[in-house]
Structures are given as C-alpha cells and as structure tokens.
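Please read this briefing alongside the sequence and the model. The points are grouped by topic.

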Amino acid sequence: MAASLTYERTEEAEMPHFSVGMNPFHPRRVSFSNRRFYTIALLLEKGRLYYADKWVEIDRPALIFASPLMPYAWEVTSKERGTGFFCLFNDAFLRPDEKNETLAEAPFLNAQREPLLFLSYENLQTFKALFQKMHEEYLSDYTQKMDILRSYLHLLVHEVNKIQSTEEVETHQSAAQRIVELFLNMLDSQFPIDTQLHTVNLTTPSQYADRLCIHVNHLNRVVKQVTGKTTSDIIASRIINEAMKLLEHSTQSIGEIAFALGFEEPSSFSKFVKKHTGKPPQQWRADKMV
C-alpha cells in the first residue's frame, strides 16, 4: 500500500502554504495524491513514476511535478538510497495577490507539459543548490522567509522553462534535419539515369511530401530552413545536372531524355532546359558536339 507524502497541515485551505524537506522517500512507494498541494520532487533514486494510465522508468536524476488534479505515485526499484528533495505548496502560495502571475506557465500548472524532467549533471547541480537554499531558508527564523521561498520557486520554474525551451528547439531542429535528409536521399535515389527503362517518378515538392507523409508546406519550410534553398530549386538543379550529362554523353533522343526525366512532353523539357541554361536542349547538345 502506498505511503502518503507527509506535509505540514494548515488550518485554512485558502491560507498560503509552503514546505520543503529532504529525503522524503523512505517507503518503497510514495503517493502524491493530495487534492490541496502541488509537489516538486528531485529524485536521485531509480524507480518508476506512475501517473494517469501510464508509468515511466526513472533511471537517472529527474524532477517530477505533481498536481492536485492528477494522482501520482513513485516506486523505488533500486537498493541504493539517494538524498532527494521535495517541496509542497498550495495555490494560495502561488498567488498571494492578483498581481502575481509569474508562475502561470509553470509545469505543475500546465496539463500539456510532461510531469517530469530528466536532468544532466550540470542541471542536477543547479537544482540541488536551489533545493538546499530553500531548505535552509525554510528552517530559518526570518519573518519574511515565505517571500524568499516564493522567489526561489520562481527561479526553479524559470530554470525548468529554460531547459524545456532548449530541448524543444533541439527536437524541432533534429526533426527538420531528418526530414531534409530523407528528402535528399529520396531525390538522389532516382539518379543517375543509366538505362532507357530508368525514369524519374518524383519531380515536384508535393510528390516528395506525399511520400514523406507530411504537408508540402512543412517540407518547403524545413528544406528552406536547413539548406537555405527552396525544394523546387533543389529538385530542378538535380534534374538539370542529369539532363546535361544525358545530352552530352548519351545517344538517347531529346524526347527519350525528356521522358526519362519525368516530362510528359518534349516541349516542356525544352522550356525547362532553356530556362536553366539559356539554351534549348538541341542547341546545347549541338554545341557540345562541335
């Protein structure tokens, strides 16, 4: 049976409350299911985090964010016991007056954000230092310590937001690079035209986007972002390079080359070559044979 995480009770639910402690996870399984308090915990032990209808394996230091709206449970699976931290607070502590909206985008208030954050070694040191300062301040006799603790909580949230913002950018960039890599590989796989039976089947951005199962606007956007060129320009450049090679070195007719490169009519191929080289294919081939 899950043990409940202990906390200091307040007489009135609407009174601001904040408490912080160390090493709260002596039971093998701890439940974060109190309907009045948020929890941020720094986990240094291996275990499993259960929330909603799923669970996540925690195999390295992590922060978890427990909300009163969704029950969480933490189960230790390692024999080694780490010294973690936790803090508990209620909604009244977050907003002691109407002007305090700094924490509106905090992970424990945003249901769309993940309830945990894995930490690198550098980030772990940052959060351990913050929790240690909060713990020291919480045990002090300073009459205005709640204001300081609220500031530390603001700082903690900002550090979380910085990490998550960086990860979102890196994830977006990695996904964009992967799409461009797949597009370029797909383009290159159609060349060279080395037999009369070999034809180019993909000649437009829309056709590549369909094969990649993405919208053509998204493909165009990420290609421009990663390469600095448009999708159409990259495709056209690859086709015109192949056209020049075939016109110079093959014995195929201009009509056969046009068909092999994905043009339905030789006239369309002629316009394409003239647009990109300044000469129609007949003249280009004749000049090379002189």
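**Briefing on the predicted model**

The bridge partner of Ser19 in S9 is Leu88. This is a predicted model, in which local features need pLDDT of at least 70 and side-chain atom pairs count only at pLDDT 80 or more, while totals for chains, interfaces and linings use all residues. Residues are numbered from 1 along each chain as its sequence is written, and side-chain values use heavy atoms, with hydrogens and water left out. Helices (H or I, at least four residues) and strands (E, at least two) are DSSP runs, numbered from the N terminus.

**Sheet**

- Five strands make up an open sheet with the order S2-S9-S4-S7-S10, and the pairing is antiparallel; two strands pair if DSSP finds at least two bridges between them.
- S2 and strand S10 (116-118) are at the edges with a single partner strand each, so one side of each has no neighbour in the sheet.
- Ignoring direction, neighbouring strands of this sheet are turned by 10° against each other on average.
- Helix H2 (residues 121-138) packs on the sheet and touches S2, S4, strand S7 (62-66) and S9, contact meaning heavy atoms within 4.5 Å.
- The direction of H2 makes about 115° with that of S2; angles run from 0 to 180 degrees between N-to-C directions, and axes are lines fitted to C-alpha atoms, for helices over the stretch in contact.

**Strand S9 and its partners**

- Strand S2 (residues 18-22) pairs with S9 in the antiparallel sense over five bridges.
- Strand S4 (residues 38-43) also pairs with S9 in the antiparallel sense over five bridges.
- Opposite Leu88 in S9 stands Thr39, and opposite Phe85 in S9 stands Leu42.
- Five of the five residues of S9 (residues 85-89) are buried, that is, under 20% relative accessible area, where over 50% is exposed and in between is partly exposed (1.4 Å probe, protein chains only).
- Phe85, Cys87 and Phe89 point one way from S9, whereas Phe86 and Leu88 point the other way.
- In a regular strand, side chains alternate between the two faces of the sheet.

**Nonpolar cores**

- The largest nonpolar core has 36 residues, and Phe183, Tyr208, Leu219, Leu261 and Phe269 have the most contacts inside it; such a core is a set of buried Ala, Val, Leu, Ile, Met, Phe, Trp, Tyr and Cys residues joined through side-chain atoms within 4.5 Å.
- H6 gives the most to this core, with nine residues.
- Not counting residues up to four places away in sequence, Phe269 touches Ala243, Ile254, Ile257, Ala258, Leu261, Phe263 and Pro281.
- A second, separate core of 26 residues includes Val20, Ile40, Phe65 and Phe131.

**Helices H6 and H8**

- The axes of helix H6 (residues 231-249) and helix H8 (residues 266-277) come within 11 Å and cross at roughly 100°.
- H6 and H8 are therefore roughly perpendicular to each other; the class covers 65 to 115 degrees, with under 35 roughly parallel, over 145 roughly antiparallel and the rest oblique.
- Ala236, Ile239, Ile240, Ala243 and Met244 in H6 meet Phe269, Phe272, Val273, His276 and Thr277 in H8.

**Loop geometry**

- The peptide bond from Phe191 to Pro192 is cis, with omega near 0°, and Pro192 lies in the loop between H3 and H4.
- Cys213, in the loop between H4 and H5, has a positive phi of about 60° although it is not a glycine.
- Cys213 counts as exposed, at 71% relative accessibility.
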